[in-house]
Amino acid sequence: MNKPVRHIAIFSGVLVLALLVRATWVQFVRSNELSTNEHNRRVAMANFAQPRGNIIVGGQPITGSTETGTDLKYKRTFKDGKMYAPVTGFFSQGYGSTQLENLNNKLLNGSDDRLFLQRTSNMLTGKKNQGGDVVTTIDPKAQKAAYEGLGDKKGAVVALDPRTGKILALASTPSYDPSVFAGQSAKDKAAWEELEKDKDKPTLNRALKEVYPPGSTFKIVTATAALENGLYTDINASTDSPDPWTMPGTRTVLPNQNPTAPCKNASLDVAMQHSCNNVYGKASSDLGKEKMQQTAEKFGFNNPKVDTPVRAVKSTFPDNINSSQTALAGIGQGSLTATPLQVAMMTAAIANDGKLMKPYMVEELRSPDLSTIEKHKPEQLSQAASPEIAKKVQQMMEDTATKGTGQAALIDGVTVGGKTGTAERGAKQKNLAWFISYAKTAEGSPVAVAVMIDPDDSVPDDQISGGKLAGPIAKKVMQAVLDK
């Protein structure tokens, strides 16, 4: 072979080798990057090429798929979308996905590796791939009671099974219908833009993604801390609690909401019934920040990784606070913040004899042939209180329901524990109305509920109370769970 031909042959070989290296690099090294690139239209087309698997509530799908007549062949539909949006999240051709729709996307669209055998079989038979289903823990009756109970109010409801951690209801209002912007039409775009402009933030999941001062509902944690640390041992004995009581290092008196209530040196039990700030604020201050924080963290505070599997934002018991600020934290005020989920968790822990179970809302993942791929096993997060102490706090909550401010949740023939909360938020903001409760049967406590109402300007200040606004909703949710 002469020299010029040899040079051409070598050069051509190098070009072929370069092409092979580049093809290998693209197909194997960059395959995942390219397949997930937002500008890859083929990925979007494949993602919407067939009906999606469903999210299941009470044995029935609350989602579906419908043809669009475009190259993105199917779009998502939602049954009772506004009621279930805090559970499902949304799945949109134009705006992505959130919550269960996002976390379980590969299972729902059929590309999950755990569906490999099904996909292989479909290749041989020519059948189209199908998505699997996400089976939730949501009780449809409880969810309906929570959503309809909130009505046109701004707020949230979380109901748990204290024995397992199952989320039975998760409601947030105002809400939105994920179906109205599931496609890419001008109508879908207009619906999305309207939601984005809404000052009431209907797409915000208030149950999981927003924190609030929990107000006097936190007194069940303060009571636990006082009993666990030996500050008091008898819930019926008098406490060292002057009324009025001036917070340490200040000239500020910590006022009671009801100035005529018997709060001076009241027992923990009586102080719970009348929500006496002087008793629980002073108890928190006397215990100190460290002991209060330790107890709060056993109930789930300061944990940034509470997954349901949707991750909740962190509820915070503050650090670097002085004695007077610790007093405020002890009554659920100051810089203490909590999600409605967290408030439900602390209620459930007391109802479950001090054992805090991890909250979850996915019971199982299943393949298109209905076989189980993954099943959730209940998991204990902590022992928030000893059984003996938890039973004492239960007695206080049950006395509050029968004799005190928690009577709105009473159910005939059922033992109910309750606690109201009115949380202050500062100038020009309405107080929040809270209510927590649990119901007990012979088999234990099947339900614990937290209800939060954020009143608008139409509600007079003297009408804002947990018992009036939130208590009736908690009762309806508990009744829905008990009505089997």
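Visitor: Leaving aside its neighbours within four places in sequence, which residues is Gly406 in contact with?
Guide: In this predicted model, Gly406 is found in the loop between α16 and β14 (415-423). Leaving aside neighbours within four places in sequence, the residues in contact with Gly406 are Thr400, Ala401 and Phe435.

Visitor: Is Gly406 buried or exposed?
Guide: Residues count as buried under 20% relative accessible area. Gly406 has a relative accessible area of 0%, and therefore Gly406 is buried.

Visitor: What distance separates the C-alpha atoms of Gly406 and Gly64?
Guide: Along the chain, Gly406 and Gly64 are 342 residues apart.

Visitor: Thr400 touches Gly406; in which helix is Thr400 found, and what is its relative accessible area?
Guide: Thr400 is found in helix α16. Not counting residues up to four places away in sequence, Thr400 touches Met272, Gln273, Thr405, Gly406, Gln407, Gly418 and Lys419. Thr400 is also buried, and its relative accessible area is 0%.

Visitor: How are helix α15 and helix α16 placed, roughly parallel or roughly perpendicular to each other?
Guide: Two packed helices are described by the angle between their axes and the distance between the axes. For helix α15 (residues 340-351) and helix α16 (residues 387-403), the axes are 8 Å apart and the packing angle is about 110°. Angles of 65 to 115 degrees count as roughly perpendicular. The relation of α15 and α16 is therefore roughly perpendicular.

Visitor: Which residues in α16 are met by residues in α15, and how do the residues of the contact divide by class?
Guide: From α15, the residues Thr347, Ile350 and Ala351 meet Ala390, Val393, Gln394 and Met397 in α16. The residues of this contact of α15 with α16 divide into five nonpolar, two polar and no charged.

Visitor: Where is Asp353, and is its phi positive or negative?
Guide: Most residues other than glycine have a negative phi. Asp353 has its place in the loop between α15 and β10 (355-357), and at 29% relative accessibility Asp353 counts as partly exposed. The phi of Asp353 is near 60°, which is positive.

Visitor: Is Asn320 buried or exposed, and what is its phi?
Guide: The place of Asn320 is in the loop between α13 and α14. With a relative accessible area of 73%, Asn320 is exposed. Asn320 is a residue other than glycine with a positive phi, and the value is near 55°.

Visitor: Which helices do the buried residues of α14 pack against?
Guide: In helix α14 (residues 323-330), the buried residues are Ser324, Thr326, Ala327, Ala329 and Gly330. After α14 comes Gly332, whose phi is positive, near 80°. The helices that the buried residues of α14 pack against are α10 (219-228), α12 (277-287) and α13 (289-298).

Visitor: Leaving aside its neighbours within four places in sequence, which residues is Val481 in contact with?
Guide: Val481 has its place in helix α17 (residues 466-482), where Val481 is buried with a relative accessible area of 8%. Beyond its neighbours within four places in sequence, Val481 is in contact with Asp139, Ala142, Leu168, Pro446 and Val447.

Visitor: What is the volume of the second largest pocket, and which residues are closest to its centre?
Guide: The second largest pocket has a volume of about 560 Å³. Of the 23 residues that line the pocket, the closest to its centre are Lys154, Asp200, Asp454, Pro455 and Asp456.

Visitor: How many residues in the lining of the second largest pocket are charged?
Guide: By class, this lining includes seven nonpolar and two polar residues. The number of charged residues in the lining is 14.

Visitor: How many of the residues in the protein chain are buried, as a percentage?
Guide: The secondary structure of the protein chain comes to 17 helices and 16 strands, and the C-alpha trace spans about 110 × 50 × 45 Å along its principal axes. Of the 484 residues in the chain, the buried ones make up 51%.

Terms used
Residues are numbered from 1 along each chain as its sequence is written. This is a predicted model: local features need pLDDT of at least 70, side-chain atom pairs count only at pLDDT 80 or more; totals for chains, interfaces and linings use all residues. Side-chain values use heavy atoms; hydrogens and water are left out. On a 1 Å grid over the protein atoms alone, a cavity is a set of points where a 1.4 Å probe fits but cannot get out, and a pocket is an open set with protein on both sides within 12 Å along at least five of seven lines; lining residues have an atom within 4 Å of a point. Grid points are joined across faces, edges and corners, and a volume is the space filled by probe spheres set on the points. Ala, Val, Leu, Ile, Met, Phe, Trp, Tyr, Cys and Pro count as nonpolar, Asp, Glu, Lys and Arg as charged, and the others, Gly among them, as polar. Axes are lines fitted to C-alpha atoms, for helices over the stretch in contact, and angles run from 0 to 180 degrees between N-to-C directions. Helices (H or I, at least four residues) and strands (E, at least two) are DSSP runs, numbered from the N terminus. Angles under 35 degrees count as roughly parallel, over 145 as roughly antiparallel, 65 to 115 as roughly perpendicular and the rest as oblique. Contact means heavy atoms within 4.5 Å. Buried means under 20% relative accessible area, exposed over 50%, partly exposed in between (1.4 Å probe, protein chains only).
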